[in-house]
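Here's a quick briefing to read with the viewer open. Take a look at the fold, then go through the points below.

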Amino acid sequence: MTNTSRTLDAQDDAGILREIRSALQGLKFGSVEITLHNGQVVQIERKEKFRLQPSGKQA
């Protein structure tokens, strides 16, 4: 698990949208959660799931 702290000056909308877009980049299965406090984005969390396919071989 990675915990990265980033600072956005004055909550500029373009910067927040860049971070959300970055969190969505390459995500196939999972979710992106945006946490607000007093109307301001304070956290963007990405949860990714990896789907494993059976190889088709039977024992």
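Predicted model: local features only at pLDDT ≥ 70, side-chain atom pairs only at ≥ 80, totals over all residues.

The protein chain has one helix and two strands, and reading along the sequence gives you the pattern α-β-β.

**The chain as a whole**
- Of the 59 residues in the protein chain, 10% count as buried.
- The accessible surface of the protein chain comes to about 5,700 Å², and carbon and sulfur atoms own 48% of it.
- Take the contacts between residues at least 6 apart in sequence: 15% of these join residues at least 24 apart.

**The hairpin**
- Strand β1 covers residues 30–37, while β2 runs over residues 40–48.
- β1 and β2 pair in the antiparallel sense, with eight bridges between them.
- Two residues sit between the strands of this hairpin, and N38 takes a positive phi near 55° there.

**Zooming in on K47**
- K47 lies in strand β2, and K47 is the bridge partner of S31.
- Along the sequence, K47 and S31 are 16 residues apart, yet their C-alpha atoms are 5.2 Å apart in space.
- Leaving out residues up to four places away in sequence, K47 touches L27, F29, G30, S31 and E33.
- Is K47 buried, exposed or partly exposed? K47 counts as partly exposed because its relative accessibility is 42%, and the partly exposed class spans the range between under 20% (buried) and over 50% (exposed).

**The salt bridge**
- How many salt bridges does a search of the whole structure find? The search turns up one.
- Which side chains meet in a salt bridge? Those of R46 and E48 do, at 3.0 Å from N to O, which puts the pair inside the 4 Å cut-off for a side-chain nitrogen and a carboxyl oxygen.
- R46 has a relative accessible area of 33%, so R46 is partly exposed.
- E48 comes out at 35% relative accessibility, so E48 is partly exposed too.

Note on methods:
Residues numbered from 1 in each chain as written. Heavy atoms only, no water. Helix = DSSP H or I, 4+ residues; strand = E, 2+ residues; numbered from the N terminus. Buried < 20%, exposed > 50% of the residue type's maximum accessible area, 1.4 Å probe, protein only. Contact = heavy atoms within 4.5 Å. Areas by Shrake-Rupley, 256 points an atom, 1.4 Å probe, with all protein chains shown as cover. Pairing = 2+ DSSP bridges.
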